[in-house]
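Please open the model in your viewer and keep the selection tool at hand. The stops below are meant to be taken in order.

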Amino acid sequence: MTFDPASYEFSQSTGPAPIRAATVLPARRENVELQTEDGHTLVGELALPESGHVKATLITLHPLPTHGGFMDSHVYRKASYRLPALAGIAVLRFNTRGTESPRGTSTGAFEEGVGERHDVEAAVRFTVERGLPNRWLVGWSFGTELALMYGATEPVASQIEGAVLLSPPLHRAKDAHLLQWAQSGKPLKVLVPEHDDYLQPEAAAGRFSLVPQARVVGVKGAKHLWVGEKYAGRVLNEIVEEVTEAGTGGTGLPQEWDGPVATAPA
């Protein structure tokens, strides 16, 4: 059965309560479908602030689906749980072609990052058609390859502000793609775990030197999958700082919430 985000059961907290991994804060959530130009239907979820201006829109590109990556990969799940309420940010999550999650399965099959170009274009087009402002690609691992390969070329480039990369392996993305980003002039923030399995901060700084506007941020103690609330929280703070004018005010996102809350299913 397809998971329905409307099934979250919210209750009023009795006072400020810690925001934990499974804490879901209020938002307008809906299951969505994205249509690619080559005929595939991609399943996803859009989470919007309950009220007020949308300050930024995240178009999330998940890790490698053949190694367990999907729209519910934990950093993106937590972004959708928290950022609409805490930062006024819209979060689009979706499964690339052939990828399955509790939301459902996108049609097609994994294409090694080639056919997925259409998936990136479909996601960006969806946010444009919805009138969502200040659009940013957020790629994680395999998702960074998609962002780098297709984010600085049309039809995507003119529709986004820039990108945030989490744990880029730089396997499929080559120097030619980095040079395209350099020529675009669009911001590129690169978060690299100290203990990454594929590309660590010093090497990442060397590779991304081809992109003058890229900012490589090494994160001490972190690993490729950003396991642990400390590291997931750091990622969310870094994203908010990059994509919104006010950022977090230098204090980081709130770690407590006094209001309606729900708990995500295990």
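The tour goes from aromatic ring pairs to a serine in a loop and then to a helix. Keep in mind throughout that this is a predicted model.

**Stop 1: the aromatic pairs**

A pair of aromatic rings is described by the distance of the centres and the angle of the planes. With ring centres required to lie within 6.5 Å, the count comes to four aromatic pairs. Select Y8 and Y81, which form an edge-to-face pair with 6.4 Å from centre to centre and 90 degrees between the planes. Y8 sits in the segment before strand 1 (11–12) and Y81 in helix 1 (residues 74–87), so this pair ties together parts that are 73 residues apart in sequence. Y8 and Y81 are both buried.

**Stop 2: Y76 and W140**

Now select Y76 and W140. How far apart are the ring centres of Y76 and W140, and at what angle are their planes? The centres are 5.8 Å apart and the planes stand at 85 degrees; planes over 60 degrees apart count as edge-to-face, so the Y76 and W140 pair falls in that class. Y76 belongs to helix 1 and W140 to strand 10 (residues 135–140), and the pair links these distant parts of the chain, 64 residues apart. Y76 is buried, as is W140.

**Stop 3: S167**

Move to S167, in the loop between strand 11 (162–166) and helix 4 (175–184). Is S167 buried or exposed? Its relative accessibility is 0%, and buried means under 20%, so S167 counts as buried. Show the side chains of S167 and W226: a polar contact of 2.8 Å joins them. Leaving aside neighbours within four places in sequence, S167 is in contact with several residues, among them W140 from the previous stop, S141, T144, D196 and H224.

**Stop 4: helix 4**

Select helix 4 and colour its buried residues, which are H177, L178 and W181. Looking down the axis of helix 4, you will find these buried residues within an arc of 100 degrees, so they line one face of the helix. An α-helix has 3.6 residues a turn, so residues three or four places apart point the same way. What do the buried residues of helix 4 pack against? Their partners are helix 3 (142–150), strand 11, strand 12 (188–193) and helix 5 (201–207). End at G185, which follows helix 4 and has a positive phi, near 75 degrees.

Note on methods: Residues are numbered from 1 along each chain as its sequence is written. This is a predicted model: local features need pLDDT of at least 70, side-chain atom pairs count only at pLDDT 80 or more; totals for chains, interfaces and linings use all residues. Side-chain values use heavy atoms; hydrogens and water are left out. Rings of Phe, Tyr and Trp (its six-membered ring) pair if their centres lie within 6.5 Å; planes under 30 degrees apart count as stacked, over 60 as edge-to-face and the rest as tilted. Helices (H or I, at least four residues) and strands (E, at least two) are DSSP runs, numbered from the N terminus. Buried means under 20% relative accessible area, exposed over 50%, partly exposed in between (1.4 Å probe, protein chains only). A polar contact is a pair of N or O atoms within 3.5 Å; within protein, one must be able to donate a hydrogen and the other to accept it, and residues adjacent in sequence count only if both atoms are side-chain atoms. Contact means heavy atoms within 4.5 Å. The arc is that of the directions from the helix axis to the C-beta atoms.
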